[in-house]
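Subject: Structure for your files

Hello,

Here is the structure I said I would pass on. My notes on it follow below.

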Amino acid sequence: MILVTGATGNVGRHVVDEVLDAGRKVRALTRDPATAALPVDVEVARTDAMPLDGVESIFLNLSVFWTGLGDLLPRASAAGVRRVVMLSSAAALDEDPDNELAAHHRGAERAIEDSGLEWTFVRPGEFCTNALGWRDEIRSGEPVRNAFAGAAMAPIHERDIAAVAARALVTDDLVGAAPLLSGPESLTHPDMVAIIGAAVGRPARFEEITEAEAREAMLSRPYMRPGLVDVLMRLRATSVGRPAEISPEVERITGRPGRSFAEWAADHAADFR
């Protein structure tokens, strides 16, 4: 039995499918089992119940535990859980003490290492799904606005993250590993906006704004905090004019090339129409 947290989320939903395809049982955790719409052969439970009986491995989406892991790790050890595969972040490699995103992920990684459980930390960089934040602008024909138009990144498809995580859950190949994941190409936001426009069959535009304007827009979102905005602004500023590094790990681990942003845009075209 493999426990999947955040099982209806962007990554977790695909982890469920990958683990089922590998012939393993899945217990999927979600805030509302009644609306989960998961396959019929999946056992569904509430996240706050966290049933661990019979569980061998846990897929831990850290965003589900943003305020801390609580007693999850000692409970898992006591229940006989063998392994934790955590969806971490490439940010964990940043040792800047002011990077709260990095500190959050490193703290969780250290807690899991100290628990005595087997572990794998999956460390993706930019998610393709971050582009879903542009839905309203692209649907309405308005330009996508942000600072640092020349900042490059290598966004990764959520299905590739899930494929790597599932490999860590159902095999021993990645025990004690922390693979850094990226997509297969270096792109800027103007590149990504144009690719989405091609996928939906309607031109989409990018408009560069100042850092101050971008900061104000980000702070208007309820889930954004000043410290996190500072980190994101710094990362974008330092990425201008520098091609993003491409990690070979998705292909090495899964045996196939990572999915392109154009493939992601085609998969999600309906979200932008």
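In these notes, contact means heavy atoms within 4.5 Å. Helices (H or I, at least four residues) and strands (E, at least two) are DSSP runs, numbered from the N terminus.

This is a predicted model, in which local features need pLDDT of at least 70 and side-chain atom pairs count only at pLDDT 80 or more, while totals for chains, interfaces and linings use all residues. Residues are numbered from 1 along each chain as its sequence is written, and side-chain values use heavy atoms, with hydrogens and water left out.

The helix pair α7 and α8

Glu211, Ala214, Arg215, Met218 and Leu219 of α7 are in contact with Pro226, Val229, Asp230, Leu232 and Met233 of α8. By class, that contact has 7 nonpolar, no polar and 3 charged residues (Ala, Val, Leu, Ile, Met, Phe, Trp, Tyr, Cys and Pro count as nonpolar, Asp, Glu, Lys and Arg as charged, and the others, Gly among them, as polar). Helix α7 spans residues 211-219 and α8 residues 226-238; they pack at an angle of about 140°, with their axes 10 Å apart. The axes are lines fitted to C-alpha atoms, for helices over the stretch in contact, and angles run from 0 to 180 degrees between N-to-C directions. The angle makes α7 oblique to α8 (under 35 degrees is roughly parallel, over 145 roughly antiparallel, 65 to 115 roughly perpendicular, and the rest oblique).

Arginine 83

Arginine 83 is in strand β5, residues 83-87. With 1% relative accessibility, arginine 83 counts as buried (under 20% relative accessible area; exposed is over 50%, partly exposed in between, with a 1.4 Å probe and protein chains only). A polar atom of its side chain lies 2.9 Å from the backbone oxygen of alanine 168. Beyond four places in sequence, the contacts of arginine 83 include Glu56, Glu118, Trp119 and Asp172.

Histidine 268

Histidine 268 sits in the segment after α10 and, at 13% relative accessibility, counts as buried. Which residues does histidine 268 touch, not counting those up to four places away in sequence? They are Leu132 and Glu158. The side chains of histidine 268 and glutamate 158 are joined by a polar contact of 2.7 Å (a pair of N or O atoms within 3.5 Å; within protein, one must be able to donate a hydrogen and the other to accept it, and residues adjacent in sequence count only if both atoms are side-chain atoms).

Regards
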